[in-house]
Amino acid sequence: MLEQDIKEVLVTREEIQEAVNRLGEQLTKEYKDKEVVVVGILRGASIFMADIVRAMDVYLEIDFMDVSSYGDAFESSGEVKIIKDLDTHLEGRHVLVVEDIIDTGRTLKYLVDLFKYRKAASVQVCTLLDKPARRVVKDIIPDYVGLEVPDEFVVGYGLDFEQKYRNLPYIGVLKPEIYQ
Ligand code: PRP
Ligand code: MN
Ligand code: MG
């Protein structure tokens, strides 16, 4: 059913799994001696978050923050809104922000600045997908990237169009007639 709306599969389930395993190994090394708070950014990062923390063999805590820059719109509004804040006090804590995709970089810029302001001991960013062609905030460079994607509207594995397609088990490009 969902598949009918997909023009092309960009990242298969297997490729996602490989990226998760590779990032998990790197993050295990990074945080083996530093207890980390892993912060998943709702709602897009929810699926990746569940997989990446299970690929990290370290002591960690998880928390979630819900921010939105797109709402239900197709284009980023440029304005980041906090829907739900963290429950964890970050002062002196190592923070790993987990995102599904970095597009303009505005969401992450806002979050990284906020977590530094809250006196986190360190703030690093892990994103499954990076779309550098669309970057507006130039000083946002993710520390851990799964895959780079071209400038197309991608959905699946957490990424939505009008809140749908997040449950697609792979990452695909939406047929233009769906969003036009
Ligand atoms: C999407 C995506 C990232 C952000 C990236 O979230 O999940 O969080 O946009 O875009 P940016 O780099 O231009 O800021 P969205 O605001 O659509 O909310 P969602 O995660 O609930 O879908
Ligand atoms: Mn998001
Ligand atoms: Mg969205």
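Visitor: How many bridges join strand S5 to strand S6?
Guide: This is a predicted model, in which local features need pLDDT of at least 70 and side-chain atom pairs count only at pLDDT 80 or more, while totals for chains, interfaces and linings use all residues. Residues are numbered from 1 along each chain as its sequence is written, and chains are lettered from A and ligands numbered from 1 in the order in which they are written. Helices (H or I, at least four residues) and strands (E, at least two) are DSSP runs numbered from the N terminus, and two strands pair if DSSP finds at least two bridges between them. Strands S5 (residues 94–102) and S6 (residues 122–130) run parallel, and the number of bridges joining them is 8.

Visitor: Which residue is the bridge partner of Val98 in S6?
Guide: S5 covers residues 94–102 and S6 covers residues 122–130. Within S6, the partner of Val98 is Cys126.

Visitor: What angle does the direction of helix H3 make with that of S5?
Guide: Axes are lines fitted to C-alpha atoms, for helices over the stretch in contact, and angles run from 0 to 180 degrees between N-to-C directions. Two residues are in contact if their C-beta atoms, placed from the backbone, lie within 7 Å. Helix H3 (residues 106–117) packs on the sheet and touches strand S2 (36–42), strand S3 (60–68), S5 and S6; its angle with S5 is about 175°.

Visitor: Which strands stand at the edges of the sheet of 6 strands?
Guide: This open sheet has mixed pairing and the order S4-S3-S2-S5-S6-S7. Two of its strands have a single partner strand each, so one side of each is left without a neighbour in the sheet; they are S4 (81–84) and S7 (144–148).

Visitor: What is the order of the open sheet of 3 strands?
Guide: Strands S8 and S9 (residues 171–174) run antiparallel and are joined by 2 bridges, with Val155 opposite Gly172 in S9. The pairing of this sheet is antiparallel, and its order is S1-S9-S8.

Visitor: How far apart are the end C-alpha atoms of helix H1?
Guide: The expected span of a helix is 1.5 Å times one less than its number of residues. The 18 residues of H1 (residues 13–30) should therefore span 26 Å, and the distance between the end C-alpha atoms agrees with this: 25 Å.

Visitor: What arc do the buried residues of H1 cover around the axis?
Guide: A residue is buried if 20 or more other C-beta atoms lie within 10 Å of its own, exposed if 12 or fewer, and partly exposed in between, with C-beta atoms placed from the backbone. In H1, Ile16, Ala19, Leu23, Gly24 and Leu27 are buried. They lie on the same side of H1, because their arc, taken from the directions from the helix axis to the C-beta atoms, is only 140°.

Visitor: Which residues are exposed on the other side of H1?
Guide: The buried residues of H1 pack against strand S1 (6–11), helix H2 (46–54), S6 and S7. On the other side, the exposed residues are Glu14, Gln17 and Lys29.

Visitor: With which residues is Arg43 in contact, leaving aside its neighbours within four places in sequence?
Guide: Arg43 is in the loop between S2 and H2. With 18 other C-beta atoms within 10 Å, Arg43 is partly exposed. Beyond those neighbours within four places, its contacts are Asp66 and Arg166.
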